[in-house]
Amino acid sequence: EEAMKDRAGRAGMLFGVAVRASQLREDADFRAAITRECSVITPELELKWAWLEPQRGQLSFTDADQIASFAARTGKAMHGHALLWHLSIAPWAAEALGDNPDWTIVRRFLASVIPRYGEVTNTWDVVNEPMEMGHRMDGLRPSPYLAAFGPDYIRRALEDARLFAPRAKLFINEFGLDYDFQVERDKRYLLLKLLEGLKKSGAPIDGLGMQAHLEIAKQAHFDPRALAQFFDDVGSLGLEVRISELDVKEADGTLPTAERDARVADAVRRYLDVAMANRAVGTIGCWGLTDRYSWLESPGGKAGANRGLPLDSALHPKPMYHAISEAYALR
Ligand code: G3I
């Protein structure tokens, strides 16, 4: 069977997967599967500020370097995830920014990480999850960055990222945009306003990452027309879309396995039918390749037993895998 990266390639697209350095180090079969299937890999943890610089001034690039050199060795790109994220800011930095809103603290971090991976990384999630409904009219999420610098922190981060990576594509990455709930409709609307404002002000933004963490329990609220409209709106701004963290959280772990896998694949197929119809979408990325390492808990609460990724725990392709490969054939 043709590898996913080759299917993607024939469609003029990419197939991405999040990995951890420890998985690449310790699991030869996994390493082989990643080598075979992916065109781009995303460090799941290793580029986050708290991970890279746990103590001020003490940067540890070992894990990130390993992923970068694996990518280079195997002819893949590395997707840079995620520079500014409220959940991964180094605790010392959050505290320092609270005391003194000094942008050079942020700039020093961006300057130390972005150029280091300039060879292998041509896409960056510059700001991750900037939106949260229910706080402000503009929908921006309260965070150490917003508190210190106001809404302009997003533009400033993009400007700096452009400075340090002149040829890379710069993304804002967001979740909770996929379903027809009021809160998600509001989030789509306000995110579009944000993107529009950034474009108008000349900020260097190239695209939107749609995390696409799907959930079987929400599928009754999947509205392909609303989603298609959103892709259109983003594309109309001249922005590219990456499906950045696709996976499916199951609702019922007691069903027969074949039924569970069929539901997961169906959710993915319906989503990708919409995504593939829009030329703005250039990458499909999953938040993991195999159920062996899923971050999702099973419906019963057991870690690692969710079946929401393309390969099962034995690294065999499941219906979700075929749903993705068939989606590429739509181009
Ligand atoms: O490795 C340490 C371990 O040594 C320690 O004993 C343990 C105690 O908490 O923590 C372990 O680190 C955890 C790490 O995952 C590895 O398991 C961190 O606490 C935990 O915060 C971290 O969670 C990651 C999370 O981002 C925060 O960085 C998830 O694995 C990762 O899948 C998740 O990814 C996010 C994306 O970045 C953004 N979009 C949503 C996505 C899923 O939440």
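Reply: What follows is a short chat about a predicted model, beginning with the ligand and moving on to strands, a helix and some backbone details.

Me: Good. Which residues are around the ligand?


Reply: The residues around the ligand are Glu44, Leu45, Lys48, Ala82, Leu87, Ser88, Asn128, Phe175, Gln211, Glu245 and Trp295.

Me: And how does that shell divide into nonpolar, polar and charged?

Reply: The shell around the ligand has five nonpolar residues, three polar ones and three charged ones.

Me: What joins His81 and Ala82?

Reply: The bond between His81 and Ala82 is a cis peptide bond, with omega at about -5 degrees. Ala82 sits in the loop between strand E3 (77-80) and strand E4 (84-85), and Ala82 is also one of the residues around the ligand.

Me: Switching to the strands, how many of the residues of E6 are buried?

Reply: In strand E6, residues 169-174, five of the six residues are buried, so the strand is largely enclosed by the rest of the structure.

Me: Which strands is E6 joined to by bridges?

Reply: Strand E5 (residues 123-128) runs parallel to E6 and is joined to it by five bridges, and Thr123 has Lys169 in E6 as its bridge partner. Strand E7 (residues 207-210) also runs parallel to E6, with four bridges between them, and there Glu174 has Met210 in E7 as its bridge partner.

Me: What do E6, H10 and E7 make together?

Reply: Together with helix H10 (residues 182-200), strands E6 and E7 make a β-α-β unit, and that unit is right-handed.

Me: Now helix H7, which of its residues are buried?

Reply: Within helix H7, residues 103-113, the buried residues are Val106, Phe109, Leu110 and Val113. Looking down the axis of H7, these buried residues fall within an arc of 95 degrees, so they line one face of the helix.

Me: What covers them?

Reply: The cover over the buried residues of H7 includes helix H4 (49-52) and helix H9 (153-164).

Me: Back to the backbone: what is the phi of Glu129, and is the residue buried or exposed?

Reply: Glu129 is not a glycine, yet it has a positive phi of about 55 degrees. Glu129 lies in the loop between E5 and helix H8 (144-149), and it is buried, because 21 other C-beta atoms lie within 10 Å and the cut-off for buried is 20 or more.

Me: And what about Ala212?

Reply: Ala212 has a positive phi of about 60 degrees although it is not a glycine, and it is found in the loop between E7 and strand E8 (213-215). Ala212 counts as buried, with 25 C-beta neighbours inside 10 Å.

How values were computed:
Residues numbered from 1 in each chain as written. Predicted model: local features only at pLDDT ≥ 70, side-chain atom pairs only at ≥ 80, totals over all residues. Near = placed C-beta within 6 Å. Nonpolar A, V, L, I, M, F, W, Y, C, P; charged D, E, K, R; others polar. Buried ≥ 20, exposed ≤ 12 C-beta atoms within 10 Å, placed from the backbone. Helix = DSSP H or I, 4+ residues; strand = E, 2+ residues; numbered from the N terminus. Arc of directions from axis to C-beta. Contact = placed C-beta atoms within 7 Å. Pairing = 2+ DSSP bridges. Right-handed = clockwise from strand over helix to strand, strands pointing away.
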